[in-house]
Amino acid sequence: MNRCGWVKMTNPLYIAYHDQEWGRPLHDERALFELLCLEGYQAGLSWETILNKRQAFKKAFHNYDISQVAQMSNQELDNLLDNPDIIRHKAKLYATRANAQVFQAIQKEFGSFDHYIWSYVNFTPLVNKVDSYKDLPTQTDLSQEIAKDLKKCGCKFVGPTTTYSFLEAAGLINDHENSCDFK
């Protein structure tokens with residue numbers, strides 16, 4: 001099978017993520033929230049590190065149940081700083097709760113986060129012609145616009161690069177390489 005050049009073939013989590021998730025149009029609210037959080041955790045780290053800690057993050061954050069995460073107390077978040085299985089970055093942990101609260105506000109205003117985010121691409125994935133992942137941008141006008149809006153709403157760790165990665169991961173933008181069997 002041909003996969004995108006960024007896939008680390010030595011890590012089964014990486015392969016499964018690419019083959020089963022990355023670039024597939026996603027509409028599930030909980031899953032969209034999880035991906036937004038994971039992309040925020042990645043800031044300054046490798047995606048492989050995040051994938052290796054993903055299950056521990058799910059456990060720490062109530063399987064990314066938006067309502068439960070939005071209601072987490074400062075004490076609960078501070079307790080996570082002692083959890084060696086996750087990234088113990090206080091600002092990123094607190095951002096998870098803040099982003100859950102923003103997520104809820106967006107759901108209330110737009111009916112769903114799914115509707116809000118997919119409206120940016122007219123509810124149709126943008127499919128790019130990609131010869132090599134090395135040629136991909138790290139951000140675009142679209143990711144800058146969405147990041148700006150999310151920040152204005154109160155989201156944390158959602159810069160234009162993180163937002164672009166989220167859009168790729170959630171399938172709003174399909175950046176699989178042309179030679180990839182999963183395009």
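The legends below describe close-up views of a predicted model. Local features require pLDDT of at least 70, side-chain atom pairs count only at pLDDT 80 or more, and totals for chains, interfaces and linings use all residues. Residues are numbered from 1 along each chain as its sequence is written, and side-chain values use heavy atoms, with hydrogens and water left out.

**View A. The pair of tryptophan 6 and tryptophan 22.** The whole structure holds 13 aromatic pairs, where rings of Phe, Tyr and Trp (its six-membered ring) pair if their centres lie within 6.5 Å, and planes under 30 degrees apart count as stacked, over 60 as edge-to-face and the rest as tilted. The ring centres of tryptophan 6 and tryptophan 22 are 4.8 Å apart and their planes stand at 75°, so this pair is edge-to-face. Tryptophan 6 lies in the segment before α1 (12-20) and tryptophan 22 in the loop between α1 and α2 (29-42), so the pair ties together parts that are 16 residues apart in sequence. Helices are DSSP runs (H or I, at least four residues), numbered from the N terminus. Both tryptophan 6 and tryptophan 22 are buried, that is, under 20% relative accessible area with a 1.4 Å probe, protein chains only.

**View B. The largest pocket.** Its volume is about 480 Å³, the space filled by probe spheres set on grid points joined across faces, edges and corners. On a 1 Å grid over the protein atoms alone, a pocket is an open set with protein on both sides within 12 Å along at least five of seven lines, a cavity is a set of points where a 1.4 Å probe fits but cannot get out, and lining residues have an atom within 4 Å of a point. Of the 17 residues lining the pocket, Trp6, Trp22, Gln42, Ser165 and Glu168 lie nearest its centre. Helix α9 gives the most to this lining, with five residues.

**View C. Helix α6.** Buried residues of α6 include Leu93, Arg97, Val102 and Ile106. Just after α6, glycine 111 takes a positive phi of about 90°.

**View D. The largest cavity.** About 50 Å³ of space lies in the largest cavity. Its lining includes Leu36, Tyr41, Lys92, Asn99 and Phe157. The elements giving two or more residues to this lining are α2 and α6.

Technical notes
Buried < 20%, exposed > 50% of the residue type's maximum accessible area, 1.4 Å probe, protein only.
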